[in-house]
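Have the chain open in your viewer and follow along.

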Amino acid sequence: MASSIDCPPRPCHRAGRQAGTPARVRGRVVSAAVVLVVLAALSGCGEDTGTAVRDVPVSGVPDTARVAPGTADAEPGTTDTAQGRAGAETRAPARIPGLGPRTRAWIPANARQVVVVTGRGKDANRSRVVLYEHTGSGWEGGPAWPAHNALRGWTDDHRAGDLRSPIGVFTLTDAGGLLPDPGTRLPYDQSQGFAVGGTGFEGEPLEGSFDYVIAIDYNRVPGTSPLDRTRPLGADRGGGIWLHVDHEGPTQGCVSLSERHMEELLRALDPDRHPVIVMGDADSLRE
């Protein structure tokens with residue numbers, strides 16, 4: 001057993017919360033039957049995941065929302081790019097470093113918070129996460145946080161059970177976890193349905209992996225609990241790709257951070273700033 005349930009594709013998801021989706025009640029407790037179904041599904045993160053074709057922008061994002069190509073790329077999260085060299089110019093760059101024109105085209109025009117997950121390589125299961133925020137004149141990056149992704153790395157055509165994380169750009173609209181809300185502005189569903197046990201790929205315990213989660217809006221309905229298993233693209237495309245607490249090992253499709261960094265991210269994300277996640281290996285993101 002690895003971590004989290006299923007997974008999202010890249011340009012197949014509508015950017016932003018669907019209009020008319022009712023608000024969710026915080027702290028909703030799922031029934032015992034639902035908990036059993038969820039626990040059965042929690043045999044691994046990204047177990048039934050999916051992706052989309054990388055040369056097509058996120059569905060629902062008009063061409064006018066694309067960012068024109070420009071500044072030279074650099075790897076996000078380094079001290080030279082996210083924070084700036086000590087004593088040197090630290091003006092926020094006009095574009096997020098490390099993202100090429102095709103990747104930038106997938107980012108909705110109204111996004112003012114972008115979580116960039118950069119994998120070490122196409123087949124690597126280690127990555128780093130940087131939260132970029134738009135200052136009005138440019139993008140300011142926070143510290144780089146170490147992370148894990150899927151056991152076999154990344155894919156442009158994610159399918160259920162392939163043990164790869166989908167490459168793409170997805171909105172972030174909903175959160176939850178086994179623990180109480182740490183102070184996020186996202187809708188938060190505290191539930192026993194996030195309880196998980198067993199061990200991961202390297203024999204590490206999975207308990208506590210879902211203390212905090214942020215649903216990645218791939219093949220799911222925004223405005224619902226991360227536990228919701230509705231898969232608009234079909235079960236073969238996966239779903240349930242989350243950001244969640246790291247268990248010191250690779251996942252089945254999700255991205256995992258330390259519990260402290262998950263708390264920081266949950267507190268930082270603001271629905272009014274239309275947060276999205278950009279995720280993939282470094283070479284793919286540079287395209």
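A residue is called exposed when its relative accessible area is over 50%, buried when that value is under 20%, and partly exposed in between. By that rule Asp123, at 57% relative accessibility, counts as exposed. Keep in mind that this is a predicted model.

Now for the chain as a whole. It has five helices and 13 strands, and 55% of its 287 residues count as buried. Its accessible surface comes to about 11300 Å², with 51% of that belonging to carbon and sulfur atoms. Among contacts with a separation of 6 or more, 76% are between residues 24 or more positions apart.

Let's go inside. In soluble globular proteins, nonpolar side chains tend to be buried together. Here the largest nonpolar core has 28 residues, and Val115, Ile214, Leu243, Leu265 and Ile277 touch the most other members. Several elements give two or more residues to this core, including β1, β2, β11 and β13. Helix α4 gives the most, with three residues. Another core, of 14 residues, lies apart from this one and includes Trp106 and Trp139.

β10 and β11 pair in the antiparallel sense over three bridges, and Ile214 has Leu243 as its bridge partner in β11. On to β12: three bridges join it to β11, this time running parallel, and Leu243 has Val255 as its partner there. Leu243 is also among the contacts of Ile277, along with Val115 and Phe170.

What about α4? Its buried residues are His261, Met262, Leu265 and Leu266. Because they fall within an arc of 140° seen down the helix axis, they line one face of α4.

Finally, look at the charged pairs. The structure holds twelve salt bridges. In one of them, the side chains of Arg164 and Asp123 meet at 3.0 Å, N to O. This pair links two loops, with Asp123 between β1 and β2 and Arg164 between β5 and β6, 41 residues apart.

Another salt bridge joins Arg273 and Glu133 at 2.8 Å. Arg273 sits in the loop between α4 and β13 and Glu133 in strand β2, 140 residues apart. In a further pair, Arg185 meets Asp270 at 3.4 Å. Arg185 lies in the loop between β8 and β9 and Asp270 in the loop between α4 and β13, so the pair ties together parts that are 85 residues apart in sequence. Asp270 counts as buried, at 13% relative accessibility.

Note on methods: Residues numbered from 1 in each chain as written. Predicted model: local features only at pLDDT ≥ 70, side-chain atom pairs only at ≥ 80, totals over all residues. Heavy atoms only, no water. Core = buried A, V, L, I, M, F, W, Y, C linked by side-chain atoms within 4.5 Å. Buried < 20%, exposed > 50% of the residue type's maximum accessible area, 1.4 Å probe, protein only. Helix = DSSP H or I, 4+ residues; strand = E, 2+ residues; numbered from the N terminus. Contact = heavy atoms within 4.5 Å. Areas by Shrake-Rupley, 256 points an atom, 1.4 Å probe, with all protein chains shown as cover. Pairing = 2+ DSSP bridges. Arc of directions from axis to C-beta. Salt bridge = Lys/Arg side-chain N within 4 Å of Asp/Glu carboxyl O. Lists of a residue's contacts leave out its neighbours within four places in sequence.
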